[in-house]
Each structure stands twice: as structure tokens, then as C-alpha cells.
Amino acid sequence: MRDLFGAELRWFQHIEETARRVFGRHGYGEIRTPILEELEVFKRSVGESSDIVNKEMYEFTDRGGRQVVMRPENTAGVVRAAIQHKLLASNDAVLFYYIGQQFRYERMQAGRYRQFWQIGAESFGVATPESEAESLLMLHSFLTELGLKSLVFSINSVGTPESRPAFHAAFRAFFSEREERFCSDCHRRIESNPLRVLDCKNETCQAALEGHPVITDHLDEASARHHARLKALLTELAIPFEENPRLVRGLDYYTRTAFEVLSSDLGAQSALLGGGRYDGLVKHLGGPEVPAFGWAIGLDRLVMILQQIHGEAPFAPPALLIPLGERAATEALKLARTLWDAGVPLQLETRGGALKKAMASANRMGIQTVLILGDGELDGGTVTVKHMATGEQESWPIGEACSRLRP
Ligand code: HAM
């Protein structure tokens with residue numbers, strides 16, 4: 001877990017502003033749910049066989065004896081909230097986005113934290129491939145507006161609970177023919193949730209999977225049509241994608257479409273985000289039968305990539321107003337108030353003391369424009385302006401400071 005401030009936090013803020021702008025124009029509204037949820041919410045949705053529920057949750061008993069969890073993800077909480085407040089009672093499409101911290105007790109790795117940030121979007125009430133294309137298009141605009149270029153959408157269909165047993169049977173038969181090559185975790189997975197074997201990080205297991213039966217060959221007819229239609233739409237929209245028959249995701253709630261977005265902006269391809277369709281989850285958590293689709297992106301890793309590609313986040317430092325002496329200090333407060341009220345970003349030097357010390361601070365803070373107000377300036381009704389980049393100095397009438405500084 002870490003503290004965020006300065007240049008790194010400015011990237012977080014820039015990403016959040018971009019998300020609000022892009023999602024807002026697609027008609028998504030924000031939702032904020034509590035960090036603590038009841039344990040059952042995640043057990044029943046993310047799944048008891050998942051690493052998240054098995055190994056990674058911060059769970060404890062609160063003072064009232066309730067078993068609670070610091071949310072490891074936000075989809076389950078949004079579904080819980082939508083059911084509780086009857087937000088899905090009509091037949092309308094309901095579109096939500098969220099920005100918030102999640103908690104997983106994970107092993108330390110670059111860009112992986114135990115408290116991390118996600119931005120996610122969830123759409124409820126629509127089962128069509130068109131709704132997925134809409135959501136992926138929004139995601140594509142969001143990432144493109146952030147300046148990410150080499151993006152690949154990796155997609156798969158994991159079928160439905162009804163069609164999956166056919167795949168499980170074929171896959172178990174394949175597994176049993178070479179079971180000695182799989183790790184002990186995979187032996188457990190083949191019993192509890194065979195799809196998880198495809199997701200094993202162990203290289204020996206990945207090699208043993210060569211030639212495995214593919215889920216998309218075992219889809220029911222409607223799921224196969226759905227998958228083909230989504231691929232056609234992505235082609236029409238020129239969203240670059242590839243099919244990945246091993247993509248199953250680490251959470252249990254997915255049906256039909258599952259996807260991740262990989263970026264090669266960092267050299268080696270790494271998953272920036274993931275999501276998919278989860279048509280059974282609302283009902284499973286006690287709500288009406290409502291289809292849903294969504295995704296979440298991890299901000300910590302995204303910031304790391306943006307820093308590598310673009311360096312600092314877009315940032316205009318404020319001007320700095322330095323008064324010299326008590327009379328100027330009073331007038332500087334009044335001038336600063338006028339500038340602030342007019343929307344000018346300005347920091348006021350209130351420590352008193354020597355000009356040299358204040359200028360050194362301005363340099364350290366990366367300030368570009370310094371205004372100096374001393375007795376001489378006050379008598380002449382002016383302010384001295386120093387442009388730090390060039391070292392140039394000029395004198396402005398005090399009355400013009402506002403119009404000259406306004407962004
Ligand atoms: P997830 O794949 O578990 O999906 O997480 C989504 C993203 O969160 C990951 O791709 C990664 O960028 C980021 N992430 C996960 N764990 C960490 C960590 N320890 N440190 C930093 N970043 C991390 C979900 O959470 C689903 N709720 C996505 C979804 C929404 N599906 C449907 N709707």
C-alpha cells in the first residue's frame with residue numbers, strides 16, 4: 001500500500017478527469033459503494049475457487065460479529081447496491097462507472113499493490129453484442145485520449161453455465177491423457193473449475209495445454225452467434241482484437257464474452273484491464289434476471305505506462321506572488337483574492353522573509369511566473385513579473401495582472 005502525491009498523483013487525476021469526460025458523454029453515471037462489504041457478496045460472485053477469494057481477501061470480523069471484506073473488486077458491490085436500491089427494476093439500460101481503491105493481499109510485483117485503484121464501467125439490462133461494442137468503443141476512446149497507442153483487445157467466449165459441461169467433458173478427457181504434466185493446483189482446478197487450468201501461470205502447465213480443446217468450439221448456437229457478431233462489430237469499428245482461447249479470467253461470474261486489453265507500450269505485453277459479460281450474477285446475488293457487461297482497469301499500472309511514454313502528466317504550475325514587507329503583505333492578500341476569484345491559479349508566499357529564499361522555493365516548485373510586490377511597486381501601482389524560464393523581468397500595472405494571468 002502506498003501514498004500518492006505530486007507528479008504521480010497528477011497522472012491519477014488526469015486519468016480520472018478523462019474517464020469522467022469520456023464516460024459522461026456515453027451516458028454513464030457514477031456510483032460509489034462502500035469499501036467494506038459482507039464476505040458472502042464476493043464468495044458468491046467472484047467464486048470460492050478463485051485466487052481472489054481463496055488467498056487474497058482482507059477479511060475480518062467487525063465489532064458486531066459480521067464477517068466483512070475490504071472489497072477486492074467493485075463489480076460485486078455495484079451489483080449488490082443495484083439490487084438493494086432496486087435500480088434494475090425497469091427494462092431500461094442502466095450504465096454505471098466507478099473510481100476507487102480495491103484491496104488484494106497479493107505478492108509484490110511491478111505495478112501490483114495490495115491497495116490499488118480501479119476505474120470500471122458496468123452496463124446492466126442489455127444482452128446484445130452491440131452493448132459490448134458500445135462499452136469497448138468507450139474504453140477505446142478513453143485509452144486513446146490518454147495517448148496509448150499499441151492496444152490489442154484479446155477476446156474469448158467462455159460460454160454459458162448450460163453449454164459449459166460439454167466443454168468440461170472434452171477438456172477433462174484431454175487433461176486425463178497428460179495429467180502427470182500438470183501441477184497440483186491444476187489437479188485441484190480440474191475438479192472444482194476446469195476453466196481455471198487454462199489460466200495457470202505455470203509454464204509447464206501452459207506447455208502441456210498445447211492442442212487443448214477450445215471453448216469456442218463447444219458453444220451453444222446462440223453464444224456462437226453472439227461471439228461472431230461481436231467480432232464483426234469490432235472489425236467494423238476498427239478496434240484491433242485477437243482471439244485468445246485460453247483467456248478465462250480469474251473471476252467466476254463471466255458468461256459468453258471475456259476480454260482483456262494488452263498494451264505493448266511497455267515493450268513486453270501486459271494486461272492493463274479485463275472484463276466481460278456476467279448475465280447470471282444479478283440473479284445469483286438475489287436480484288431480478290438482468291444481463292450485464294463491464295470491465296475494470298487498474299490505474300497503478302496504467303500510470304506506470306503513461307509515465308514511461310509521456311513523462312510528466314499535463315500540469316500548469318500556478319504563478320507565485322511574493323510580497324516584500326508588511327504593507328505589501330496586506331496588499332498581496334487583496335490582490336491574490338481578486339486573482340483567485342477570477343480563476344487565476346496562484347500561490348501566495350506568506351512566510352515573509354527574503355526574496356532570495358522565496359525565489360529558490362519557486363525554482364524548486366517549477367513555478368514559471370513570479371509576481372513581486374514591494375513598496376516601490378505599490379507606490380507606482382505596478383507589480384514586477386519575472387519569467388523563470390528566460391529570466392526576463394517586466395513591470396505590469398496592478399490592474400492588468402488578472403487579464404494577463406487568466407488561463
Ligand atoms: P480483474 O482482472 O481482477 O477484474 O482486475 C482488473 C484490473 O485491475 C487488472 O487488469 C489490473 O490492471 C488491475 N489489478 C488487479 N489486481 C491488481 C493489483 N494487485 N495491483 C494493481 N492493479 C491490479 C476485475 O476486478 C473485474 N471486477 C472486472 C470487471 C468489471 N468485470 C466485469 N466488470
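Domains. I find the protein divided into domain 1 (6-163 + 219-310) and domain 2 (319-405), with bounds from an automatic or database domain assignment. Their centres, taken over C-alpha atoms, are 47 Å apart.

Source. The model is predicted: local features need pLDDT of at least 70, side-chain atom pairs count only at pLDDT 80 or more, and totals for chains, interfaces and linings use all residues. Residues are numbered from 1 along each chain as its sequence is written, and side-chain values use heavy atoms, with hydrogens and water left out.

Helix pair. I looked up helix 1 (residues 6-25) and helix 12 (residues 299-310), which pack at about 105° with axes 10 Å apart. Helices are DSSP runs (H or I, at least four residues), numbered from the N terminus. Axes are lines fitted to C-alpha atoms over the stretch in contact, and angles run from 0 to 180 degrees between N-to-C directions. The two helices are therefore roughly perpendicular (65 to 115 degrees). In contact (heavy atoms within 4.5 Å), helix 1 gives residues including Trp11 and Phe12, and helix 12 gives residues including Leu302 and Leu306.

I noted a volume of about 660 Å³ for the second largest pocket (an open set of points on a 1 Å grid over the protein atoms alone, where a 1.4 Å probe fits, with protein on both sides within 12 Å along at least five of seven lines). The volume is the space filled by probe spheres set on the points, which are joined across faces, edges and corners. Of its 29 lining residues, Pro161, Arg164, Asp252, Tyr254 and Thr255 are closest to the centre (lining means an atom within 4 Å of a point).

How values were computed. Parallel < 35°, antiparallel > 145°, perpendicular 65-115°, else oblique.
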